[in-house]
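Subject: Handover of a structure and its findings

Dear colleague,

Please find below the structure that I am passing on to you. I would ask you to keep it open while you read the notes that come after it.

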Amino acid sequence: MQNQQQSIQGILSIAALICLAVGWFNLFSPEINHLLSRKVFYVLIGASFFIQAPLLTNKNFVYAMYAAAAICVLGAFIPEGSKLSALKTVGLLAGIILSLSNRRR
């Protein structure tokens with residue numbers, strides 16, 4: 001079961017990176033590029049963090065990873081002009097830091 005979760009988490013992460021790359025390289029119309037790189041990217045990363053949370057070896061970080069996932073997903077739906085739109089980036093950074101701090105040495 002854990003290998004399946006890791007596979008799903010990996011697929012979501014790769015899909016998120018593809019969405020980000022599509023936005024950077026302007027492969028589609030500006031509206032589609034914006035949607036993929038500024039909305040779908042954060043939703044996919046949030047889903048990836050959500051799946052990764054129960055797999056963390058340090059159980060103290062599980063709820064923090066769930067919070068980072070929720071912030072990414074909810075932040076993706078906050079309008080761009082809002083001061084709260086930076087929350088999605090905070091969730092992304094928190095999830096990355098938690099993920100990296102969970103690596104086995």
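Predicted model: local features only at pLDDT ≥ 70, side-chain atom pairs only at ≥ 80, totals over all residues.

Residues are numbered from 1 along each chain as its sequence is written, and side-chain values use heavy atoms, with hydrogens and water left out.

The whole chain

The protein chain has four helices and zero strands, and its pattern along the sequence reads α-α-α-α. Helices (H or I, at least four residues) and strands (E, at least two) are DSSP runs, numbered from the N terminus. Along the principal axes, the C-alpha atoms fill a box of roughly 40 × 30 × 20 Å.

Of the 105 residues, 37% count as buried. Buried means under 20% relative accessible area, exposed means over 50%, and partly exposed lies in between (1.4 Å probe, protein chains only). The chain exposes about 6700 Å², of which carbon and sulfur atoms supply 69%; accessible areas come from the Shrake-Rupley method with a 1.4 Å probe, and for residues only the protein chains shown count as cover. Contact means heavy atoms within 4.5 Å. Among contacts between residues at least 6 apart in sequence, 58% join residues at least 24 apart.

Helices H2 and H4

The axes of helix H2 (residues 30–52) and helix H4 (residues 87–101) come within 11 Å and cross at roughly 35°. Axes are lines fitted to C-alpha atoms, for helices over the stretch in contact, and angles run from 0 to 180 degrees between N-to-C directions.

Which residues of H2 meet H4? They are Arg 38, Phe 41, Tyr 42, Ile 45, Phe 49 and Gln 52, and they meet Lys 88, Thr 89, Gly 91, Leu 92, Gly 95, Ile 96 and Ser 99 in H4. By class, this contact has six nonpolar, five polar and two charged residues. Ala, Val, Leu, Ile, Met, Phe, Trp, Tyr, Cys and Pro count as nonpolar, Asp, Glu, Lys and Arg as charged, and the others, Gly among them, as polar.

Single residues

Val 22 is placed in helix H1 (residues 2–25) and counts as buried because its relative accessibility is 9%. Leaving aside neighbours within four places in sequence, Val 22 is in contact with Leu 27, Phe 28, Asn 33 and Leu 36.

Ile 11 also lies in helix H1, but at 58% relative accessibility Ile 11 counts as exposed. The C-alpha atoms of Ile 11 and Leu 44 are separated by 9.6 Å, although these residues are 33 apart along the chain.

Asn 26 lies in the loop between H1 and H2. The phi of Asn 26 is near 50°, a positive value in a residue other than glycine, and Asn 26 counts as exposed at 54% relative accessibility.

Phe 77 lies in the loop between helix H3 (62–76) and H4. Is Phe 77 buried or exposed? Phe 77 counts as exposed, because its relative accessibility is 62%.

Yours sincerely
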